[in-house]
Amino acid sequence: MESAVMVAPQDLVAIAHPFGTIEVSRDALMTFPVGGMFGFDKLTTFALVPAARQGLWWLMSPTSPPTTFVLADPFVCFPDYALDLGDLEKSQLEIERPEDVLALVMLTIPEGGAPITANLRAPIVFNVTRRLAAQVLSRDESHGLATAIDLTVYPRSTNGLDMT
């Protein structure tokens, strides 16, 4: 696969994207050590970039063709949401402390005004200290694959990347 990473200052990575060139800190790069996300197993490195709403994130592949996902903090809309990591996931992500963990869910934003949905069943778990990530399958069968979500509950931020 051809790289979309362009030359940037040493601590930045420039990603060619349909919205233009986006420069992110190398610290934003996350590696999926056991393969990528379900259906995207060839993509193992992504930049995790805050969006223009607190609790929303862009997950952008630095390879070509550009691949970008929108992720959300599930605890904002679903305060009873629970993450159930097994020993294998904790080991793969080298998790030693709970404060190193960030769990986000993938959003589907359909065209035509259909509701935006979150995949609560297969969250993406990040070890933000070690910069590792894995998509895990929740053992809790009450978590849906396409649960309606209201993005207006995520407050606007001036610090995030706005690609709308």
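Buried means under 20% relative accessible area and exposed over 50%, with partly exposed in between (1.4 Å probe, protein chains only). The views below show a predicted model, in which local features need pLDDT of at least 70 and side-chain atom pairs count only at pLDDT 80 or more, whereas totals for chains, interfaces and linings use all residues. Residues are numbered from 1 along each chain as its sequence is written, and side-chain values use heavy atoms, with hydrogens and water left out.

**View 1. The largest nonpolar core and Leu107.** A nonpolar core is a set of buried Ala, Val, Leu, Ile, Met, Phe, Trp, Tyr and Cys residues joined through side-chain atoms within 4.5 Å, and the largest one here has 23 residues, those with the most contacts inside it being Val24, Leu56, Ala72, Leu107, Ile149 and Leu151. At least two residues of this core come from each of strand 2 (12-17), strand 3 (20-25), strand 5 (45-50), strand 6 (56-60), strand 7 (68-72), strand 8 (101-108) and strand 9 (117-127), where helices (H or I, at least four residues) and strands (E, at least two) are DSSP runs numbered from the N terminus. Strand 6 gives the most to this core, namely three residues. With contact taken as heavy atoms within 4.5 Å, and leaving aside its neighbours within four places in sequence, Leu107 touches Leu56, Val70, Ala72, Ile116, Thr117, Ala118, Ile149 and Leu151. A second, separate core has 15 residues, including Met30, Leu43, Leu59 and Met106.

**View 2. Phe69 in strand 7.** Phe69 has a relative accessibility of 10% and therefore counts as buried. Once its neighbours within four places in sequence are set aside, Phe69 is in contact with Met37, Phe40, Phe46, Trp57, Trp58, Leu59 and Met106. Phe126 is 57 residues from Phe69 in sequence, and the two are 15 Å apart in space, C-alpha to C-alpha.

**View 3. The salt bridge between Asp27 and Arg131.** A salt bridge is a side-chain nitrogen of Lys or Arg within 4 Å of a carboxyl oxygen of Asp or Glu, and by this rule the count comes to six. Because Asp27 lies in the loop between strand 3 and strand 4 (29-31) and Arg131 in the loop between strand 9 and strand 10 (132-135), the pair ties together parts that are 104 residues apart in sequence. Asp27 is exposed at 54% relative accessibility, whereas Arg131 is partly exposed at 33%. Arg131 also has a positive phi of about 60° although it is not a glycine. Most residues other than glycine have a negative phi.

View 4. Arg97 is partly exposed at 40% relative accessibility, Glu99 is exposed at 54%, and Asp100 is buried at 7%. Salt bridges that share partners also join Glu94, Glu96 and Arg130 into one network.

**View 5. Glu94 and its positive phi.** Glu94 is placed in the loop between helix 2 (87-92) and strand 8. Its phi is near 55°, a positive value in a residue other than glycine. With a relative accessibility of 39%, Glu94 counts as partly exposed.
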